[in-house]
Amino acid sequence: MNLNFLDFEQPIAELEAKIEELRYVGSDNEINISEEITRLQTKSRDLTRSIFTGLKAAQVAQLARHPQRPYFMDYIERIFEDFEELHGDRAYADDKAIVGGMARIDGKPIMIIGQQKGRDTKEKVQRNFGMPRPEGYRKALRLMEMAEKFKLPLLTFIDTPGAYPGVGAEERGQSEAIARNLFVMSKLQTPIISTVIGEGGSGGALAIGVCDRLLMMQYSTYSVISPEGCASILWKSAEKAAEAAEAMGLTADRLKELELVDTVIEEPLGGAHRDVDITAQNMKAALLQTLEHLQTLPTDKLLEQRYSRLMQFGNYTE
Amino acid sequence: MNWFTKLLPTRIRTESSTERKSVPEGLWSKCNSCSAVLYRADLERNLDVCPKCDHHMRIGARHRIDSFLDPEDRVEVGSNLKPVDALKFRDLKKYKDRLLQAQKATGEDDALVVMKGKVKGVPLVVASFEFKFMGGSMGSVVGERFVRAVNTCLEENIPLVCFSASGGARMQEALFSLMQMAKTSAALTKLSQRHLPYISVLTDPTMGGVSASFAMLGDIHIAEPNALIGFAGPRVIEQTVRETLPEGFQRSEFLLERGAIDMVVDRRDLRDKVANLLSMMQHTTAA
């Protein structure tokens with residue numbers, strides 16, 4: 001498999017290339033070089049481990065946007081059963097940047113909603129690179145309210161560079177669509193678990209992310225603005241994105257320290273794309289555990305806790 | 001320029017020229033729409049609306065509240081809340097220094113001022129943005145003061161009016177500022193459950209995280225004429241779609257046309273308008 005190595009992974013890439021070469025030689029030679037291959041594989045693993053223990057925020061941001069990173073629908077097929085996709089906002093269109101519908105997790109019916117980026121160019125365009133328009137948020141809203149009505153726990157999955165900044169999106173009320181979701185989610189009478197699986201880009205992410213518990217994949221990011229956007233405004237240069245990423249502390253570990261995130265879900269060594277099945281298993285376990293806990297709470301208690309959780313966000317002196 | 005200033009190195013010369021510019025500040029203002037030169041005191045009496053062309057200039061938070069509320073029975077809410085730099089955020093400047101600079105320039109601790117009072121005898125709470133404080137950006141103090149405004153309304157059973165003027169979330173508070181969107185929107189659910197009116201007055205500019213949270217959650221949305229209101233900034237949109245934007249795009253009148261707001265109201269008529277709307281929503285006699 002071509003792993004599409006990122007720049008900071010180059011030493012690993014070189015080692016892996018060497019292993020490939022040896023394998024090739026090994027297959028048409030009688031010489032036994034399997035020992036050498038094993039040695040190099042151990043070396044590659046150690047190297048990966050050492051590179052991945054000291055990742056900078058900007059490098060995590062690269063991983064979060066890795067072209068092979070699993071997207072929402074990759075997880076749907078691995079975690080849930082009987083997924084029934086539901087389309088459209090009943091008013092304007094079906095926004096394919098947001099996918100939603102009913103499914104089961106371990107046999108229990110739930111509602112799932114998430115942003116979906118595209119894999120190839122055609123799908124990327126169709127999904128608008130995972131940037132929803134107002135009709136996407138309104139479809140999500142419709143499904144949220146349906147979840148409440150039929151007492152289905154709501155699981156949302158965040159992976160977007162942000163809400164789409166386009167003329168039509170503004171004309172149809174992007175701001176109002178996002179605001180409405182924040183309002184409704186904060187009082188929705190069913191448990192809500194949100195998981196950041198890739199990029200958590202600003203208000204466009206939060207619009208499906210008001211929740212009882214916030215989970216983040218180890219190499220996902222969540223921030224108020226993209227590092228590039230932040231750098232171009234505050235540093236007056238998009239090239240300072242790495243510094244901006246560091247300053248904003250957009251990684252799962254940092255946000256856990258700041259108590260903005262409840263659980264960090266471990267990814268395989270080298271990132272989720274190295275082993276999507278294992279990643280999905282980890283995520284499923286975390287979802288089930290969180291869900292089980294939330295379902296023991298009576299609804300009024302749940303909403304009370306959600307409200308006080310929201311109210312305690314912020315730093316100030318008095 | 002005399003012979004002495006000519007002798008000075010350029011660097012020093014520039015400094016002295018900015019100093020000279022700041023000296024006679026304040027007596028006259030120029031309308032940035034029709035370029036009319038206006039006497040500052042006249043302009044203030046006219047609520048920073050150009051008497052020649054009716055252009056609505058940006059108005060400070062206190063001046064706004066002062067002209068909107070009745071003079072009696074005013075109580076400020078949440079003024080003891082002060083911002084902190086919990087993340088030790090530093091871009092080209094430290095956030096701490098940016099705060100100090102903004103505080104010195106505006107005389108405010110943060111970008112939102114909340115005041116309980118009356119408009120034409122109708123008791124209410126008013127929240128008003130100070131755009132000059134870091135572009136009216138929403139950080140933790142803005143969020144918390146907004147929540148205190150809502151809580152005061154709940155305690156006293158009175159409506160809320162918010163005048164927004166903001167570039168959006170405050171990047172220096174990173175994800176904490178994003179969470180203020182959820183926090184303020186959640187607080188409004190309580191107001192709604194109690195059937196207390198909330199009027200959102202959108203003024204120039206209301207963008208990003210403020211527009212995509214409480215500013216767009218009013219029972220009634222009023223905009224001042226020609227205010228820039230939207231989610232993404234026009235420059236960002238232009239870069240994304242690579243075309244020039246239509247005339248009047250994201251302006252109040254455009255939003256009215258698209259159904260996003262209820263009405264466009266001249267600043268000088270806001271007191272009457274709000275008092276009348278509130279009295280109907282609360283079944284009281286016209287003020």
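This is a predicted model: local features need pLDDT of at least 70, side-chain atom pairs count only at pLDDT 80 or more; totals for chains, interfaces and linings use all residues.
Residues are numbered from 1 along each chain as its sequence is written, and chains are lettered from A in the order in which they are written. Local features need pLDDT of at least 70, side-chain atom pairs count only at pLDDT 80 or more, totals for chains, interfaces and linings use all residues, and side-chain values use heavy atoms, with hydrogens and water left out.

**View 1. The interface of chain A and chain B.**
Here 45 residues of chain A are in contact with 54 residues of chain B, contact meaning heavy atoms within 4.5 Å. The size of an interface is often given as the accessible area lost when the parts come together. Between chain A and chain B the buried area is about 4,500 Å², and carbon and sulfur atoms give 73% of it. Buried area is the accessible area (1.4 Å probe) that two parts lose on being put together, summed over both. There are 14 residue pairs in polar contact between the two chains, both residues being at pLDDT 80 or more. A polar contact is a pair of N or O atoms within 3.5 Å; within protein, one must be able to donate a hydrogen and the other to accept it, and residues adjacent in sequence count only if both atoms are side-chain atoms. On the side of chain A that touches chain B, the largest share, 8 residues, comes from helix α8 (residues 174-185) of chain A. That side divides into 27 nonpolar, 10 polar and 8 charged residues. In this grouping Ala, Val, Leu, Ile, Met, Phe, Trp, Tyr, Cys and Pro count as nonpolar, Asp, Glu, Lys and Arg as charged, and the others, Gly among them, as polar. Helices (H or I, at least four residues) and strands (E, at least two) are DSSP runs, numbered from the N terminus.

**View 2. A salt bridge between the chains.**
Side chains of opposite charge can pair when their charged atoms come close. A salt bridge is a side-chain nitrogen of Lys or Arg within 4 Å of a carboxyl oxygen of Asp or Glu. The structure holds 48 salt bridges over all chains, and 2 salt bridges are found across the interface of chain A and chain B. In one salt bridge, the closest N and O atoms of Arg258(B) and Glu171(A) are 3.0 Å apart. Arg258(B) lies in helix α10 (residues 252-258) of chain B and Glu171(A) in helix α7 (residues 167-171) of chain A, so the pair joins two chains. Arg258(B) is partly exposed at 40% relative accessible area, and Glu171(A) is partly exposed at 24%. Buried means under 20% relative accessible area, exposed over 50%, and partly exposed in between (1.4 Å probe, protein chains only).

Strand β9 (residues 316-317) of chain A and strand β4 (residues 82-83) of chain B run antiparallel and are joined by 2 bridges. Two strands pair if DSSP finds at least two bridges between them. Thr317(A) has Lys82(B) as its bridge partner in β4(B).

**View 3. The open sheet of chain B.**
In chain B, 7 strands form an open sheet of mixed pairing, in the order β3-β5-β6-β7-β8-β9-β10. Its edge strands, β3 (75-77) and β10 (263-264), each pair on one side only. β3(B) runs antiparallel to strand β5 (residues 112-119) of chain B, and 3 bridges join them. Val114(B) in β5(B) is the bridge partner of Val77(B).

**View 4. Salt bridges within chain B.**
Arg267(B) forms a salt bridge with Glu224(B), with the closest N and O atoms 2.9 Å apart. This pair links distant parts of the chain, 43 residues apart: Arg267(B) is in the loop between β10 and α11, and Glu224(B) is in the loop between β9 (220-223) and α9 (234-241). Arg267(B) is buried at 6% relative accessibility, as is Glu224(B) at 2%. Arg268(B) forms a salt bridge with Asp266(B), with the closest N and O atoms 2.9 Å apart.

**View 5. Backbone angles in chain B.**
Most residues other than glycine have a negative phi, and most peptide bonds are trans. A cis peptide bond joins Asp204(B) and Pro205(B), with omega about -15 degrees; Pro205(B) is in strand β8 (residues 198-206). Asp54(B) has a positive phi, near 65 degrees.
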